[in-house]
Amino acid sequence: MISFLRFWFLVTTLLFSLAARRAEAQVYYLDLSRQELILPNRTVHVEQVVDGRPGRPTIGLVHRGLDNRPAAVLFRNGLEAELSSFLQKKLPARPTDHPIVLCLRQLRVSEQLNSVTEVANADLAADIYTHLPDGYHFMRSTGARTSKRALETTSAHSVHVALLLQQCLEQLTDADWTQAQTAPARTLQQLPNDVPTTGPTTGNKSRLPAILREAPRRGVYFTFEQFLANRPDTVTTFRLDTLSLRKWGGNAGKVLWWGVTRIQPTVVEYQGQRQPLTITAWGCSDGQRLYVQYEKHFYPLMRQANFFTFVAEKPLDIEYMRAANRAQVKAGVIGVATVQARDHTGEPTPYAVDMRTGQSAPFPDPLRVRPAQVDTAYLYLYRQADTLLEPVAVFLEGKEVGKLRPNEYLELPWPHYARMMRLCIGLPKSVPCQLLVPDVAKANYLRISPVSASPSEPWQWVSSMQGEADLDALDKLRAISK
């Protein structure tokens, strides 16, 4: 009896220990204690780090253990306390240094898994305030991002965070400190909610980057900075080719991409030979649409107020891999495993471009709280006069929502916050489709041309000004015909 109780005690203790370890695995603490900062030309010391991120979300998610369980990334003593302590220790104050406060606007780490390797991504954006006798004055917005591919990447996140802090502080090397005196003074408590006079805002349009104020220019954006400034490389000659679905490569979600045109920019080289645009390019533009490169593929960007979204392939489905491994273990070495779960790898999924760092991340951010008030997006699909008299059927999420004849338009409300829309039109030879997240900040205008010279691209996105003018003209034609 005693031996049985002892055995039961040992088993219970072991189970509780495993449960505790499993619970601990759901959190991963970043440790910067072993990291260094190399700033030989620094002229600042950081008095404090302030968390100015909207909602102060979790820093990110990583995958831990043999089964790649997701774990939330945190600092053991809190973000503000640990980053402040780290920067003060590594960059001790000197009499000639400018005292600054680092107000974080973005700090995110993530891991992307594939069948063999992992990719660790990190991006950081901060507003720098200098401490003057009357308060804190905005000095400059800084941002940086980094990425690394390896067999195991979780240990790289601490290195990445320290590197991004270093790169942001390096951007102050040539700062003109006299200009800060012209910025309004703020208290320390005001900094998290302060809106500096540079960077993407919802106020004065002159504060927006050029890519949000101007029509895109044709060319290649080799850096995110070129993209923001709308100053592409115009020397590189390229053209946009389309890829058939069978050339996309194998993925389980391929059927959900059916009818969607994939673009492959190719560079025209000597003697007319064409090669795919280098993977070092951030994106490109044909003078009308913007494209971003993500995981070696190019996707069209969709304007969302003061940032951009796009629809790309979902990364490796970890939950499906776990289910497949469990099924194989259950089936044995030579048995045939039956997996009940669905593999979502490669399925269309929305992403957003961070307008401070250029990093792409899932949209909406799963770590941020959903807005309390959600607006409905409106998309206007219209067709001007052409040589085809037959009506064209319009399908939303696989259901026919109307037909478009020449000089007609449809209003399509979309009340689903940040959810991808699948929009298709029925043509005799193909079913061209668009996958997008419509902009809720303003009306979306999409013109179709069934007799377009490019049958695979009968769509044309137009500006709000052009779309409103075209619909006004169609309304006048309708009034005259009555």
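Cys424 and Cys433 form a disulfide, with their sulfur atoms 2.1 Å apart, where a disulfide is taken as a pair of cysteine sulfur atoms within 2.5 Å. In this predicted model, local features need pLDDT of at least 70 and side-chain atom pairs count only at pLDDT 80 or more, whereas totals for chains, interfaces and linings use all residues. Residues are numbered from 1 along each chain as its sequence is written, and side-chain values use heavy atoms, with hydrogens and water left out. A search of the whole structure finds 1 disulfide, and the link of Cys424 and Cys433 is right-handed, with 105° about the S-S bond. Both Cys424 and Cys433 are buried, a term that denotes under 20% relative accessible area, with exposed meaning over 50% and partly exposed lying in between (1.4 Å probe, protein chains only). Cys103 is likewise buried, at a relative accessible area of 0%, and Cys168 is buried at 1%.

Strands (E, at least two residues) and helices (H or I, at least four) are DSSP runs numbered from the N terminus, and two strands pair if DSSP finds at least two bridges between them. Strand 21 (residues 392-396) is joined to strand 22 by 5 bridges in an antiparallel arrangement, and Phe395 stands opposite Glu400 of strand 22.

A further open sheet comprises 4 strands in the order 16-17-18-19, also with antiparallel pairing. Its edge strands, strand 16 (302-304) and strand 19 (360-362), each pair on one side only, and the twist averages 40° from one strand to the next. Between strand 18 (residues 348-353) and strand 19, which run antiparallel, there are 3 bridges, and Ala352 stands opposite Ala361 in strand 19.

In helix 2 (residues 79-90), the 12 residues should span 16 Å at 1.5 Å a residue, which agrees with end C-alpha atoms that are 16 Å apart; the expected span is 1.5 Å times one less than the number of residues. The buried residues of helix 2 are Leu79, Glu82, Leu83, Ser84, Phe86 and Leu87. Their cover includes strand 2 (44-51), strand 5 (98-113) and helix 3 (156-170), contact being defined by heavy atoms within 4.5 Å.

Methods. Axes fitted to C-alpha atoms, helices over the stretch in contact; angles between N-to-C directions.
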